[in-house]
Amino acid sequence: MNSIILQCINLTKSYQDNGKKIQILKKTSFYLNKNDIAVVIGKSGSGKSTFLHLISGLEKPTSGYVLFDGIPLSSMSSNQIAKLRNINLGFIYQFHHLLLDFNVLENVAMPVLINNKSIKEAKEKSYEILKKVRLEKKIYKYPTDLSGGERQRVAIARAFVNNPKLIIADEPTGNLDSYNAKIIFDLIFELNNNLNTSFLIVTHDLYLAEKAHVLFEIKNSQLNIKKNIK
C-alpha cells in the first residue's frame with residue numbers, strides 16, 4: 001500500500017515580468033508520508049504560498065508534476081481538482097475566513113453541504129468535529145461572539161469536517177498571540193494523532209517547526225529537508 005500522500009517531481013514555477021524571468025521554484029522534488037506533519041519555513045517572498053497553491057491545484061506548474069495519493073493533478077479536469085479540494089483536502093489560513101452571518105455550526109457545515117449531503121448529515125458531522133476542538137457549547141454563537149483562538153478552532157473544525165486525507169495550513173496562527181498559538185498547535189498534533197490526518201504547514205513559528213515530523217526550508221527557489229524525525 002502506498003504510504004505517500006503527496007509527492008512533487010521536478011516541480012518548477014516561473015513567471016515573466018516585463019520580459020524578465022522570475023524563478024519561484026526550480027526542479028523541486030518532495031514527498032509527504034501519510035499521517036506525517038510537515039512544516040515548511042522560509043523568508044517572506046521565498047515561494048511558500050506559491051508552493052501551497054501548486055500542490056493544491058490552485059496554480060499550474062511551469063513544469064514537473066504533483067501527485068496526490070499517487071494520481072497526477074495534471075491528469076484531472078478542473079472539476080475533479082475542485083472535488084479533490086473539497087473532499088480530500090482541508091485548508092486553514094492565517095485569517096479564519098468564517099462567514100459572519102452564519103453561526104459556528106453552520107460555518108463548519110458548509111463544506112459538507114457543498115458536497116451535496118443533507119442538512120441533517122452536515123449538522124451531525126459538524127457537531128462531532130466541534131466536540132473534538134472543544135467548541136460544542138458554542139455551536140449557536142456567531143464569529144463576532146468568539147475570541148481569536150476560538151475562531152481559528154472553528155476554522156480547523158471546518159477543515160476537518162469532510163475527514164480529509166491532508167490538511168494544508170498557511171500561517172494558521174499568524175494572527176494569534178503565543179498562548180492561543182500553542183493551543184492551536186497542540187490541537188493540530190492531537191487531531192493528527194487521533195484522526196491520522198496528514199498536515200503540510202507553512203509557518204514562521206519555531207515552536208511548531210521544532211515539533212514537526214519533517215521540516216523543510218524554501219531557499220534560493222529550492223525546497224530542502226532540514227529535519228526528519230520519523
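This is a predicted model: local features need pLDDT of at least 70, side-chain atom pairs count only at pLDDT 80 or more; totals for chains, interfaces and linings use all residues.
The residues lining the largest pocket comprise 13 nonpolar, 5 polar and 2 charged. The volume of the largest pocket is about 450 Å³, and 20 residues make up its lining. Of these, Arg 85, Asn 86, Leu 89, Phe 91 and Pro 111 lie nearest the pocket centre. Two or more lining residues of the largest pocket come from each of α2 (78-87), β6 (89-93), α3 (104-114) and α5 (148-160).

The second largest pocket holds about 260 Å³ of space. Its lining consists of 14 residues, and Lys 60, Pro 61, Leu 73, Ser 74 and Ile 81 are the ones nearest the centre. By residue class, the lining of the second largest pocket divides into 7 nonpolar, 5 polar and 2 charged. At least two of the lining residues are supplied by β4 (63-68), and at least two by α2. The greatest contribution to this lining is that of β4, with 3 residues.

Strands β1 (residues 4-17) and β2 (residues 20-33) run antiparallel and are joined by 10 bridges. Within this pairing, Lys 13 of β1 is positioned opposite Leu 25 of β2. The hairpin has 2 residues between its strands, and Asn 18 adopts a positive phi near 55°.

Notes: Residues are numbered from 1 along each chain as its sequence is written. Side-chain values use heavy atoms; hydrogens and water are left out. Two strands pair if DSSP finds at least two bridges between them. Helices (H or I, at least four residues) and strands (E, at least two) are DSSP runs, numbered from the N terminus. On a 1 Å grid over the protein atoms alone, a cavity is a set of points where a 1.4 Å probe fits but cannot get out, and a pocket is an open set with protein on both sides within 12 Å along at least five of seven lines; lining residues have an atom within 4 Å of a point. Grid points are joined across faces, edges and corners, and a volume is the space filled by probe spheres set on the points. Ala, Val, Leu, Ile, Met, Phe, Trp, Tyr, Cys and Pro count as nonpolar, Asp, Glu, Lys and Arg as charged, and the others, Gly among them, as polar.
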